[in-house]
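Hi,

Here is the model I promised to pass along.

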Amino acid sequence: MTPKISVIVPVYNTGEILRKTLDSILFQTFKEFELIIIDDGSNDVSIKICDEYAAKDARVIVIHQKNAGICAARNTGIRIAKAKYLTFCDHDDLYASRKLEVQYNLAIHYNADIVNVGYKTVSDVSQKSELIQMELVCHNKNELKNHILDITYLHISTIWNKLYNAEKLRDIFYFNEDYTKGHEDINFNLMMLQHVEVFVSSKEVLYEHIQRKMLSTSAKIHKETLYGMKTHIKNFMALTDSFHIDMTKNNILYYRNLSRILRVYAVYSIKADLLKTPFLTEMKELHIPYTRILWHKFHKVIPIKDLFVLWCIIGKQYRLLYFALKCYVSITKI
């Protein structure tokens, strides 16, 4: 029987934690799915665990490949997936038992392109948790336009709490393998949302994302991380342009989000030990069209540290920005 959902899990040196993740997927109330595990060149017990689960459950498919990164691993899973609907799980996170049932029923009921559910984020360091939820149904492109900024503000950075109609999105349904150090999820969703018409989101919390310092693909800052962030800014603007959203109007969410991205990008540039000359070049390229509107119209709602970065970009004070951030990173030790 052809599965109704394909669940794709990239695995790399996860260790015994992997068992809890796989169990949470296999013990779903919804049974008509296949679980595709892509072992991306592990050299620990993960290899044995993957094969063990495949041997005891016919729904489990395991592919062992040379290490090529999380995007390449997901793309391998996408290529062999048989189902109309695709979803993902990180190798150290947990599904609630009703996740697939709730998402599939909503997808069928609304003929949805994307079904989003709530999730809980837990830090393995601080043990603090946060719930991210949204109740929303967009039946067409016009309704989606009215909510696109809320969606991108809350749910643009996650793929594992979403069910995608991969059959409809097949021509663009792949991950850009140039993203090797984070931001691949954001840019994937920004691309998907340009082609989606029906978007559904349930407030029910059905996914637990555990932020593990040792296993995160983006815990450290690399130059490749900056590439992902830079394209994030450009793709974010391309998405809003595709919906013909007038950014000169009162879109506070957009500007708060954009100002934060600019500031974090600038700080990350310093943390990645980007040399002065490349940093100045990058900042010049990010002299984006809406910075002046952002500064003049929304300066009262944007944090002061974001405003400083913004002011430097508008005034083309790139050297001042470079040295100020160098001092900031050194003093705060972030």
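Is Ser 202 buried or exposed, and what is its relative accessible area? Ser 202 is buried, with a relative accessible area of 11%; buried means under 20% relative accessible area, exposed means over 50%, and partly exposed is in between (1.4 Å probe, protein chains only).

Before the rest, a word on conventions. This is a predicted model, in which local features need pLDDT of at least 70 and side-chain atom pairs count only at pLDDT 80 or more, while totals for chains, interfaces and linings use all residues. Residues are numbered from 1 along each chain as its sequence is written, and side-chain values use heavy atoms, with hydrogens and water left out.

Back to Ser 202, which is found in strand 10 (residues 199–211). Helices (H or I, at least four residues) and strands (E, at least two) are DSSP runs, numbered from the N terminus. A polar atom of the Ser 202 side chain lies 3.1 Å from the backbone nitrogen of Glu 204. Setting aside neighbours within four places in sequence, Ser 202 is in contact (heavy atoms within 4.5 Å) with Leu 106, Asn 116, Val 117, Gly 118, Met 134 and Glu 135.

Next, strand 6 (residues 114–123). Nine of its ten residues are buried, so strand 6 is largely enclosed by the rest of the structure. Two strands pair if DSSP finds at least two bridges between them, and strand 6 has these partners:

- Strand 10 runs parallel to strand 6, joined by ten bridges; Val 122 has Ile 210 as its bridge partner there.
- Strand 7 (residues 129–132) runs antiparallel to strand 6, with four bridges; Lys 120 has Leu 131 as its bridge partner there.
- Strand 9 is also antiparallel to strand 6, with three bridges; Asn 116 has Lys 162 as its bridge partner there.

Now the aromatics. Rings of Phe, Tyr and Trp (its six-membered ring) pair if their centres lie within 6.5 Å; planes under 30 degrees apart count as stacked, over 60 as edge-to-face and the rest as tilted. By this rule there are 13 aromatic pairs. In one of them, Phe 30 and Tyr 104 have ring centres 5.0 Å apart and planes at 45 degrees, so the pair is tilted. Phe 30 lies in the loop between helix 1 (17–26) and strand 2 (33–40), and Tyr 104 lies in helix 4 (residues 99–110), so the pair ties together parts that are 74 residues apart in sequence. Phe 30 counts as buried at 9% relative accessibility, and Tyr 104 counts as buried at 14%.

Another pair, Tyr 164 and Phe 188, is edge-to-face, at 5.5 Å centre to centre and 85 degrees between the planes. Tyr 164 lies in strand 9 (residues 162–165) and Phe 188 in helix 6 (residues 184–193), so this pair ties together parts that are 24 residues apart in sequence.

Finally, the chain as a whole. The protein chain has twelve helices and ten strands, and buried residues make up 53% of its 334 residues. Of the contacts with a separation of 6 or more, 80% are between residues 24 or more positions apart.

Best wishes

Conventions. A polar contact is a pair of N or O atoms within 3.5 Å; within protein, one must be able to donate a hydrogen and the other to accept it, and residues adjacent in sequence count only if both atoms are side-chain atoms.
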